[in-house]
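Hi there,

Here is the structure I promised to pass on to you. Have a look at it first, and then read my notes below.

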Amino acid sequence: MNILLFIAFTVFATVLARCPADWNHYNDRCFFLSRDNETFADALKLCEVIGKQYGRVATLATVDDAGTQKHLANLVAQTNSVEFYIGANDIVHEGTWVWSSSGQTITYNHWGPTQPNNRGGAENCAAITYDAPYGFLWHWVDEPCTFESTYICEMPFAEVHSPVVG
Ligand SMILES: [Ca+2]
Ligand SMILES: [Ca+2]
């Protein structure tokens, strides 16, 4: 490869490989905490819209290991909100929890006491919540997807596109 072209591409890729100012970087992803309260469907849609502003595919947060759970718990603990939607949901098949990002069945989980309990037969969306008297220390809760809550978006830290010229 032409060395100048290589340098130009490297610079270009580097520019893309970072999180916007109000996003938080953790491993291979950027996270964004909303201040607005939305239904699960609207939260998901808004994440996608926000991501497009940066040319990336954003969705609700995929909390797929203990490290990510701990990192996000520390982040949300600095806000005034006690509940944030994440991407886990069992909308398609009751009891089969999948991530909105990939459609893959969840493997890691951090459910709070007696969760998920699908109360009233109508709890298909997951949030992380703080309710110490009930044992929720940013544990997961399933709740109606129509509940309006703050939410966590995620998008890739680096997404390499072909340079667009002109
Ligand atoms: Ca359910
Ligand atoms: Ca529940």
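**What I found**

Let's start with Ile-86: leaving out residues up to four places away in sequence, Ile-86 touches Leu-60, Ala-61, Val-63, Ala-126, Ala-127, Ile-128 and Ile-152. Here, two residues are in contact if their C-beta atoms, placed from the backbone, lie within 7 Å.

Please keep in mind that this is a predicted model: local features need pLDDT of at least 70, side-chain atom pairs count only at pLDDT 80 or more, and totals for chains, interfaces and linings use all residues. Residues are numbered from 1 along each chain as its sequence is written, while chains are lettered from A and ligands numbered from 1 in the order in which they are written.

The chain has three helices and eight strands (DSSP runs numbered from the N terminus: H or I of at least four residues for helices, E of at least two for strands). Along the sequence they follow the pattern α-β-β-α-β-α-β-β-β-β-β.

Of the 166 residues in the chain, 35% are buried (20 or more other C-beta atoms within 10 Å of a residue's own, placed from the backbone; exposed means 12 or fewer, and partly exposed is in between).

Enjoy exploring!
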